[in-house]
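Please keep the sequence and the model open while reading.

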Amino acid sequence: MSIVLNHLIVPAADKTAAATFLADLLGLPVSEPSGPFVPVRVNDDLAFDFDDRHQVQPGHYAFLIDDDTFDAVLCRLQESPSISYGSGPGHGWDSRINHLGGGRGVYVRDPNGHSYELFTAVP
C-alpha cells in the first residue's frame, strides 16, 4: 500500500472566507461543506479542510505547481493589492518572487496568518 496524504485540517477564524481565499488564489472551487469543514480539493488525493471551531495557529503550506498555474497565481496577486506576498522569509512581503532551485517561487500570507508557498521547482 502506498501512503497518500488525504486531507489537512486548517484552522481559520472564518472557514468559508479562508477556503475562498485559497480557492481563489489557486483557481480552484470551494467544495460543499462536509460536517464542520469547508473543503478545498487541491488535487485528486488532497483536500484542505478549513475549520473555525478552534483557535488559529498560523501554519506554512507549500505547493509545487506548474508554470501556467504559477503565472495565473502571480496575475491574481498583482491584481489584489490587499494580499501580502513576497519572495521569501528573509525578504518579508516584498511583492516579488524568487528563483530558487531554477524555478519561480512566491510566499502568500492569508488573513489568518497562514503562509502559502508556491513554487515551480524543488529548491
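The report covers the overall fold, the helix contact, the pocket and the cavity.

## Basis

This is a predicted model, in which local features need pLDDT of at least 70, side-chain atom pairs count only at pLDDT 80 or more, and totals for chains, interfaces and linings use all residues. Residues are numbered from 1 along each chain as its sequence is written, and side-chain values use heavy atoms, with hydrogens and water left out.

## Overall fold

The chain has two helices and seven strands. Their order from the N terminus is β-α-β-β-β-α-β-β-β. Helices (H or I, at least four residues) and strands (E, at least two) are DSSP runs, numbered from the N terminus.

The radius of gyration is 14 Å, close to the 14 Å of the globule rule for 123 residues, so the chain is as compact as a globular protein of that length. That radius is taken over C-alpha atoms, and the rule is 2.2 Å times the number of residues to the power 0.38. Along the principal axes, the C-alpha atoms fill a box of roughly 40 × 40 × 25 Å.

## Helix contact

Helix α1 (residues 15-26) and helix α2 (residues 67-78) have axes that come within 8 Å and cross at roughly 120°. That makes α1 oblique to α2. Axes are lines fitted to C-alpha atoms, for helices over the stretch in contact, and angles run from 0 to 180 degrees between N-to-C directions. Under 35 degrees is roughly parallel, over 145 roughly antiparallel, 65 to 115 roughly perpendicular, and the rest oblique.

D24, L25 and L26 in α1 meet V73, R76 and L77 in α2; contact means heavy atoms within 4.5 Å. The contact has four nonpolar, no polar and two charged residues. Ala, Val, Leu, Ile, Met, Phe, Trp, Tyr, Cys and Pro count as nonpolar, Asp, Glu, Lys and Arg as charged, and the others, Gly among them, as polar.

The largest pocket holds about 250 Å³ of space. Its lining has 14 residues, and V42, N43, F63, L64 and I65 are the closest to its centre. Strand β4 (residues 60-64) gives the most to this lining, with four residues. By class, the lining has eleven nonpolar, two polar and one charged.

On a 1 Å grid over the protein atoms alone, a pocket is an open set of points with protein on both sides within 12 Å along at least five of seven lines; a cavity is a set where a 1.4 Å probe fits but cannot get out; lining residues have an atom within 4 Å of a point. Points are joined across faces, edges and corners, and a volume is the space filled by probe spheres set on them.

## Cavity

The structure holds one cavity of 30 Å³ or more. About 50 Å³ lies in the largest cavity. Eleven residues line the largest cavity, with N98, L100, G105, E117 and F119 nearest its centre. Strands β6 (105-109) and β7 (115-119) each supply at least two lining residues.
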